[in-house]
Amino acid sequence: MTSPSETPAWKALAEHAEQMQRRGLRELFAEDPDRGERLAVDALGLYLDYSKNLVSDETLGLLCELAKSCGLRARTEAMFAGEKINVTEGRAVLHTALRAPRGAVIEVDGENVVPEVHAVLDRMADFAERLRGGAWRGHTGRRIRNVINIGIGGSDLGPVMAYEALRHYADPELHLGFVSNVDGTDFAETIRGLDAEETLFIVCSKTFTTQETLTNARSARAWLLAALGDEAAVAKHFVAVSTNAEEVVGFGIDPANMFGFWDWVGGRYSYDSAVGLSLMVAIGPERFREMLAGFRAMDEHFRSAPFEQNMPVLLALLGIWYTNFFGAETHAVLPYDQYLWRFAAYLQQLDMESNGKRVDLEGRYVDYQTGPIIWGEPGTNGQHAFYQLIHQGTKLIPCDFIGFCQSLNPRGEHHDLLMANFFAQSEALAFGKSEEEVAAEGVASELVSHRSFPGNRPSNTLLAERLTPECLGKLVALYEHKVFVQGTIWNVNSFDQWGVELGKVLARRIAPELSGETEPEPDHDGSTNALIRHYRARRARQ
Ligand code: F6P
């Protein structure tokens, strides 16, 4: 494919950006009193206001043109149809099949994968019901009260984000825990105070070869066996989620207690597969299916809505506008809902592992910026920490504000106050406060520049009625497809992650150098050698 930067639309956008950089949101709103209503999409129970962006109708037209010239429709269809668009790994990309209705037909290598997807969902539902209802018991006959997911990356961030997001719907009798870090502290603190007789571990790993996860899983088994003293206990206290049955069996988990998924599901796109088993146990199969329906609704919207009305496409194009034509390097995601406190961390992997690429699909080094740095915290906490820089700093940071009309925990005036802050922040970012306005308030002249706000800081606002499982599914699919659209336009493979390999290989090489009996002289660069020697000297004194 031609590089996007060679397309006429890209060139036109570059020229147009020079004009738009001189325009302001106050002016754009003054010119078009309907802008706030016009630049909005109201679909699927989500209201997306994108009017507070530094765009005109011409900008939006050119951005849609860019999407067309990069073959977005064809690539979308290729993904949904199960074509092997993950070319560097020779795989289909079919997370959308995870939420396809029972009767759908989606083929990979001539085989319909949908019946298998539903067979796994049914097994998960059966397991979740037995565990929630007390039919599945521990080795000593006690009821399971603690469910600990052991996984990392996509095998952790999705489940933990979604569990936190939906814990309002979770069975209060069950305690959920998540261990990811190979730092022993994570495991120690997660199991602190738990009774092994009432604890079940879900070892969740697509490959079942991930060092962190297997180390934690071995520690979990040792902890369990130390308490229960019988190898047979493993069968009642360990289940696995993986694509690798051989390794699961090798670890000692009965394949009957394994929930499978497939190589066409990327780790960061997987929590609506068996990877979400811990979530399903927490909220129950029915709520889990409601969440899948939300994903599906967004899939259909993405596939069928015209670009101008298409939420994932619009978010993606606006992101491209700032990344490639305004020099923005980061993107903040600011949910005004405490339940979404892990949402930005989840999106970091989804977005940065997908589009953190510098080589295009043809293997050429790109001459344009790709994936931004994603970050964020829930409002209002972020306001008292980093918003200062967004309002008055020297960097342009586009933001997504996410809020809900109804609180799941209505309490006095809390929710209206939360939402007052939500609306106020995007208003302040967009329109600021000029030096004249500040001076007119009688502020001392030497303080006027300090106390004025430049405005023109762009944001999107997403407003939904209530944070339900279905709504969460829509939100996650919205961002999945946003990332896909951006990857398509940047012409990168959003579905591999070779960048994580080198560090893993080096860690495997260094590990025996730290723990081996002989500890030979390290043979790395001067800095790493010195660090290893320093560590060894102090470690030995422990
Ligand atoms: O190292 C990155 C990564 O491969 C992620 O893409 C993945 O989500 C994570 O590791 C965990 O992998 P697994 O599920 O195979 O343990």
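## An exposed aspartate in a loop

Asp-523 is exposed, with a relative accessible area of 58%. That puts Asp-523 over the 50% cut-off, which is why it gets that label. One thing to keep in mind from here on: this is a predicted model.

Where does Asp-523 sit? In the loop between α21 (501–515) and α22 (526–541). Set aside its neighbours within four places in sequence, and Asp-523 is in contact with Arg-509 and Asn-529. Look at Ile-510 too: 13 residues separate Ile-510 and Asp-523 along the chain, and their C-alpha atoms are 9.7 Å apart.

Next, the strands. β1 (residues 40–43) and β2 (residues 46–49) run antiparallel and are joined by 4 bridges. If you want a pair to click on, Asp-42 has Tyr-47 in β2 as its bridge partner. The hairpin has 2 residues between the strands, and Leu-44 takes a positive phi near 55° there.

β2 also pairs with β13 (residues 459–464), again antiparallel and with 4 bridges. Here Leu-48 stands opposite Leu-462 in β13. As background, side chains in a regular strand alternate between the two faces of the sheet.

## Helix α6 against helix α13

Two packed helices are described by the angle between their axes and the distance between the axes. For α6 (residues 114–133) and α13 (residues 285–304), the axes come within 10 Å and cross at roughly 145°.

Which residues meet in this contact? From α6 there are His-118, Leu-121, Asp-122, Met-124, Ala-125, Ala-128 and Glu-129, and from α13 there are Pro-285, Phe-288, Arg-289 and Leu-292. By class, the contact of α6 with α13 has 7 nonpolar, 1 polar and 3 charged residues.

## The two largest pockets

The largest pocket holds about 970 Å³ of space. It is lined by 36 residues, and those nearest its centre are Thr-207, Thr-210, Gln-497, Val-500 and Lys-504. At least two lining residues come from each of α9 (211–228), α15 (343–355) and α21, with α21 giving the largest share at 4 residues. Sorted by class, the lining of the largest pocket has 10 nonpolar, 16 polar and 10 charged residues.

The second largest pocket has about 430 Å³ of space. Its lining counts 18 residues, with Asp-337, Gln-338, Ser-407, His-415 and Leu-418 nearest the centre. Helix α17 (residues 414–431) gives the most to this lining, with 3 residues. The lining of the second largest pocket splits into 5 nonpolar, 9 polar and 4 charged residues.

How many cavities of 30 Å³ or more turn up? The count is 4, and the largest cavity has about 50 Å³ of space. The residues lining the largest cavity are Gly-319, Tyr-322, Thr-323, Ala-328, Thr-330, His-331, Pro-372, Pro-398, Lys-482 and Gln-486.

As for the elements involved, α14 (311–325), β10 (330–335) and α20 (469–490) each supply at least two residues of that lining. Helix α14 gives the most, with 3 residues. By class, the lining of the largest cavity has 4 nonpolar, 5 polar and 1 charged residues.

Technical notes:
Residues are numbered from 1 along each chain as its sequence is written. This is a predicted model: local features need pLDDT of at least 70, side-chain atom pairs count only at pLDDT 80 or more; totals for chains, interfaces and linings use all residues. Side-chain values use heavy atoms; hydrogens and water are left out. Buried means under 20% relative accessible area, exposed over 50%, partly exposed in between (1.4 Å probe, protein chains only). Contact means heavy atoms within 4.5 Å. Two strands pair if DSSP finds at least two bridges between them. On a 1 Å grid over the protein atoms alone, a cavity is a set of points where a 1.4 Å probe fits but cannot get out, and a pocket is an open set with protein on both sides within 12 Å along at least five of seven lines; lining residues have an atom within 4 Å of a point. Grid points are joined across faces, edges and corners, and a volume is the space filled by probe spheres set on the points. Ala, Val, Leu, Ile, Met, Phe, Trp, Tyr, Cys and Pro count as nonpolar, Asp, Glu, Lys and Arg as charged, and the others, Gly among them, as polar. Axes are lines fitted to C-alpha atoms, for helices over the stretch in contact, and angles run from 0 to 180 degrees between N-to-C directions.
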